[in-house]
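Hi,

Here is the structure I promised to pass on. Have a look at it first, and my notes on helix packing and aromatic rings follow below.

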Amino acid sequence: MARIVVVHGIAQQFKGPQTLLTSVAPALRDGVTAAVGTAGPELRDDDIACAFYGDAFVRPGTRATTVPPYDEADVEPDYESELLLEWWLEAARVYPEVLGPDAKSRGVAGYLAGRPLKRPMVRRALNALTHAPYFAHVAEPLLIFGLKQVRRYFNEPGLRERVQEAVARAIEPDTRVLVGHSLGSVAAYELLCNEAVRASHPQWQISTLVTLGSPLGLRGLIFDRLVPAPDKGNGSWPSGIQSWTNIADAGDVVALVKELGPRFGPQVDDHEIDNGVEMHSVSRYLTAPVTGRAIADGLAR
């Protein structure tokens with residue numbers, strides 16, 4: 001029975017729970033060992049599970065074989081272009097080699113964040129992001145595909161529910177720790193806040209939430225679209241959670257707001273780390289000692 005369930009991020013639709021587990025489980029074990037040594041909890045193969053929801057983004061009964069050849073013309077106005085702008089502005093703020101919309105100020109000062117990008121600016125944004133360490137290794141169609149997955153999660157009827165149902169299926173009575181990476185942190189958080197779902201699973205005993213590279217704090221595009229909706233600028237505390245550790249790499253462009261405490265309450269234990277050139281990698285996040293400590297403490301709680 002899985003004591004720890006890990007929820008993946010975007011662009012994993014070509015995989016499955018067992019494929020993900022082959023990389024997630026060793027990284028998670030290494031993080032726990034780095035934090036507490038061999039005296040820490042013994043993690044057997046069946047102690048760790050991956051919740052897989054990637055197939056919710058493809059047609060039922062199929063598994064996509066390629067990402068469509070997306071280009072700037074395929075970035076939809078409003079949500080997708082606004083999220084692209086947020087990534088661009090953050091990359092320009094963090095990395096000197098990335099020029100932003102206003103090249104003189106690196107794109108941070110004097111430009112209205114949240115303004116939908118016109119097609120020439122979309123092209124500039126995509127070109128600029130190729131100079132950011134994380135996006136430099138991501139093919140342009142895959143980057144655009146990621147934008148579309150985030151938009152669909154929040155705007156496509158029924159998709160959010162299918163994603164959360166997939167996460168719920170992976171949780172067992174012995175599960176104590178729920179780990180969410182990137183968009184998976186949004187799904188994990190919303191599931192734990194869903195009182196109807198919690199009521200239908202009285203056997204759940206999750207007491208620890210760990211979020212890695214999370215976009216949960218981004219106002220407008222993420223935070224203000226959460227269910228349940230924030231009240232007077234404050235997000236809900238997940239039901240039954242005694243400990244919430246949030247970990248963000250200083251250069252992680254996806255985790256635009258590094259500290260979640262100001263949005264969700266001072267009980268959130270925020271940590272900023274350095275994952276090297278793979279700042280948004282789930283494996284790098286899992287091997288970090290601070291992640292291992294949060295997981296080990298959650299199992300001991």
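Keep in mind that this is a predicted model. Let's start with two helices, α4 (residues 140-155) and α6 (residues 183-193): their axes come within 11 Å and cross at roughly 15 degrees. That angle is under 35 degrees, so α4 and α6 count as roughly parallel to each other. The crossing of α4 past α6 is left-handed.

Which residues in α4 and α6 meet? From α4 there are Q149, Y153 and F154, and they meet L183, V186, A187 and E190 in α6. Sorted by class, this contact of α4 with α6 has five nonpolar residues, one polar and one charged.

Now for the rings. The count comes to 11 aromatic pairs. One of them joins W87 and F135, a tilted pair at 5.3 Å centre to centre with 35 degrees between the planes. This pair links distant parts of the chain, with W87 in helix α2 (residues 79-94) and F135 in the loop between α3 (119-129) and α4, 48 residues apart. Are W87 and F135 buried or exposed? Both are buried.

Another pair to look at is W237 with W244: the ring centres are 5.6 Å apart and the planes are at 50 degrees, so this pair is tilted too. W237 has 26% relative accessibility and so counts as partly exposed, whereas W244, at 0%, counts as buried. W237 and W244 also belong to a cluster, linked by ring pairs, with Y189, F223 and F264.

Cheers

Key. Residues numbered from 1 in each chain as written. Predicted model: local features only at pLDDT ≥ 70, side-chain atom pairs only at ≥ 80, totals over all residues. Heavy atoms only, no water. Axes fitted to C-alpha atoms, helices over the stretch in contact; angles between N-to-C directions. Helix = DSSP H or I, 4+ residues; strand = E, 2+ residues; numbered from the N terminus. Parallel < 35°, antiparallel > 145°, perpendicular 65-115°, else oblique. Left-handed = near helix turned anticlockwise from the far one by under 90°. Contact = heavy atoms within 4.5 Å. Nonpolar A, V, L, I, M, F, W, Y, C, P; charged D, E, K, R; others polar. Phe/Tyr/Trp six-rings, centres within 6.5 Å; stacked < 30°, edge-to-face > 60°. Buried < 20%, exposed > 50% of the residue type's maximum accessible area, 1.4 Å probe, protein only.
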